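Here's a quick briefing to read alongside the model.

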Amino acid sequence: MAQAFAFQFNLPLPDSDKTLTNVLFINESPAESDTLEVESTPHSGVTMTLMNVSDEEEVSSSSHHFKLTFPSGTLVLPKDILLDASHDGQWEMCCEIEKRVPTSADEYALGDVYLYVLYKGAAPLEVKHSTPLALTLKKVGAVAGTGTRPTLAQLTLHRQETYVTLSGPDNEYNRTENSDLGLINTSMGGASAPSLEAEFSSSNIVLNDGHTDNHLVLRIVNTGLVPILLTPGTGGESVSRFTLRFESSEDISHLWALGKSSEVSSILIPGKPDHTGTDPDWPGHALWHVEGPNQLGEWTLTPKPGNTTLDKGMAIEVPISKVKTGHATGRSALLVRYGGLTGYSDGERVAFIQKQPLRFADQKVGIGTGSPTETLTVETAADAYGITHSDGTVKLSTRLRGTSSTRAAGFGTQTSHDLLFYTNNSVSSPAMTVKTDGRVGIGTSAPNHPLEVRTNSNSSGLSHTDGTHVLATRVGSPGGGIGTLSDHSLNFFTNNKLAQMTLTTGGNVGIGTNAPEHPLQVKTGAGAHGLSHTDGTRTLTTYVNDNGGWFGTKSNHDLQFFANNKTQPQLTLKTSGNVGIGTYTPDYPLQVKTGAGAHGLSHTDGTRTLTTYVSDKGGWFGTKSNHDLHFFTNNHTTTPELTLKTDGKLLLKGEAPFQCKSITVNRGAASGNTGFSKDEWVVFVAGFFLNADDDSADKDISFNCYPKVSGTTWHIFADVERVGDDWRVHVIAIRKTLITGDYSY
């Protein structure tokens, strides 16, 4: 939450117009003149409103506007503390002392002191940065206790909005703030106090990480106009001395303590800056004896012979090293007691040491380390947050994580908010966004996927390059793509192998080869499957081996072919080997199914077309174009065995399969040559004609003719009686290839 206000204590000095800040005198018999002012100032833009209450309401732990908390052992007689009369009765206050663990049956150990303050004005009181709230307490003194020491007080506003409201640029504010309070001694009677100041010529900050050795330089200086006389020696009350004492506690939560007693007793005075021991070259060795630490953890400096004066402006520079602490952040007092100074009573001065996780060294800042290596170095535990930026709601942080085997570094939001990356003050349109659910958007603050890159259409998005080769994604018309922006092939691989698939710049795709020679080329060993498509049960593949190339199903399923996204296959190869075109249940090795009056199987060169055809009149096979239909065997594509001409004529080997011929035989001849080769033809007698010498009815005429091979051709032989004229025979010749059976004579 954001800080709404700060507060401090103001202590007026008697007989002076000066005021000390965050200091309270040790005084165990305070009078009404011993006052302490509490001042609360809202931050710029914040308004703190104290709501008015009824006249009957009395101040208590449940009815108040704010509460002041002082640690146990801080205030003397806290129940006697009063509000100054100048507040005109508009304020009431009561005191409550915490009771802790019982020390006996009738007594409790007393703890923190709570001062409850109630505003009783008639109207709400608005407190702003320009009009801070200031209340004066009377009869305030600090318990002597262990002497000069630091402590911490706390101011808490009432949590109920009916008492205190806060308004400003933030939604939530921290209603509790702390303030340092130094408890110091005044001079203890006798002559006036010497003009001495105790301060640090080095930084007074020590790193409270529990392991860093810090180095301080204490400066005890005569700030007066006259010298301070010193009495040299090594013992006795008359010897001048400066005693240094550090506050210690075994409870690391005690912010007033510098460290544990073991840590305090290990301090080196005068110490080397590298913390390796006391410094033998310290110039002060010529003037001062240094003894300590004693059982109380004190070091004492006494002047050596001849060192009799601390002149005006002269200072004792005391190097202090190996200051180690893990105690809570806060101020701890280095008590510098002086005694034996001629003409002055004994007294003390305080130099405050600030414990905090921030350290400056050689223009470098260290947080958690006393040896920063960079301009800002933050050192934390192995699994902890480091730098944090917050507005009270959103928290941006760095973090280190893990053990020695899983170390990692992180940067992100501690709260449930997106992480934005932007340049040129473009926080409203960040270049990259990490959503709370882990999605990453580049060019968009609302990614819909684990990684979403948004660009203009037809623009490249993700890119990877070695300076020469460029791999990129691109979206736009006609879709999304991944490829090379440079003139190089696109390779796909797994398991850190060489390219298992390649898209060349020419557009060829190679699987198993990075130099494909065709639009798609899959290269495997012989006897291996290549392209494959499966639903886990049915598998379609290509296959090559010594017998050639194959395409089909690797599983026991039909092979089907379709076009235009048809739901029924247009070509099917059954597991039985039957092929169906237009049917996926063929009953024959090849079955083409069409509607009636449609062509089926077809072969064309663009001009000549061979097809099958079915209609109500039956099945057909022939040419769809105006060309002869040929039949051949043994690749006789030049002279086919059978030809059906477009005029309906039939040819065998280019010639007619049947021929008719009329043969005239001279009178008295026994045969006539038909001219048909015995190797190609078989001849039959179709009819004859003759003239007899006497055709009267009572004359006997005898004529018998028949075909017979003579030599290499067919002849017609005749047995003739009483025929004295020429005779003719009509024959039919049939190609021998069309004849079966016995046709010889």
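What follows goes from the whole chain down to two residues.

Keep in mind that this is a predicted model. The secondary structure comes to one helix and 63 strands. With a radius of gyration of 60 Å, against the 27 Å that the globule rule gives for 745 residues, the protein is more spread out than a compact globule.

**Overall shape and packing**

- Along its principal axes, the C-alpha trace covers about 200 × 70 × 55 Å.
- Buried residues make up 34% of the 745 in the protein.
- If you take the contacts with a separation of 6 or more, 52% of them join residues 24 or more positions apart.

**Arg735**

- Look for Arg735 in strand E63, which runs over residues 727–735.
- Is Arg735 buried or exposed? Its relative accessible area is 7%, so it counts as buried, given that the cut-off is under 20%.
- What does the side chain of Arg735 make a polar contact with? The partner is the side chain of Glu655, at 2.2 Å.
- The Arg735 side chain also gets to the backbone oxygen of Ala656, this time at 3.4 Å.
- Once neighbours within four places in sequence are set aside, the contacts of Arg735 are Leu652, Glu655, Ala656, Pro657, Glu680 and Trp681.
- So Glu655 and Ala656 turn up both as partners of the Arg735 side chain and in the contact list of Arg735, where the cut-off is heavy atoms within 4.5 Å.

**Trp91**

- Now jump to Trp91, in strand E9, which spans residues 91–102.
- Trp91 is buried too: its relative accessible area is 11%, and anything under 20% qualifies.
- Which residues does Trp91 touch, not counting those up to four places away in sequence? They are Leu50, Phe66, Leu83, Val117, Leu118, Tyr119, Leu125, Leu133 and Leu135.
- Gly121 is 30 residues from Trp91 in sequence, yet the C-alpha to C-alpha separation of Trp91 and Gly121 is 7.6 Å.

Key
Residues numbered from 1 in each chain as written. Predicted model: local features only at pLDDT ≥ 70, side-chain atom pairs only at ≥ 80, totals over all residues. Heavy atoms only, no water. Helix = DSSP H or I, 4+ residues; strand = E, 2+ residues; numbered from the N terminus. Rg over C-alpha atoms; globule rule 2.2 N^0.38 Å. Buried < 20%, exposed > 50% of the residue type's maximum accessible area, 1.4 Å probe, protein only. Polar contact = N/O pair within 3.5 Å; in protein donor to acceptor, adjacent residues only side chain to side chain.
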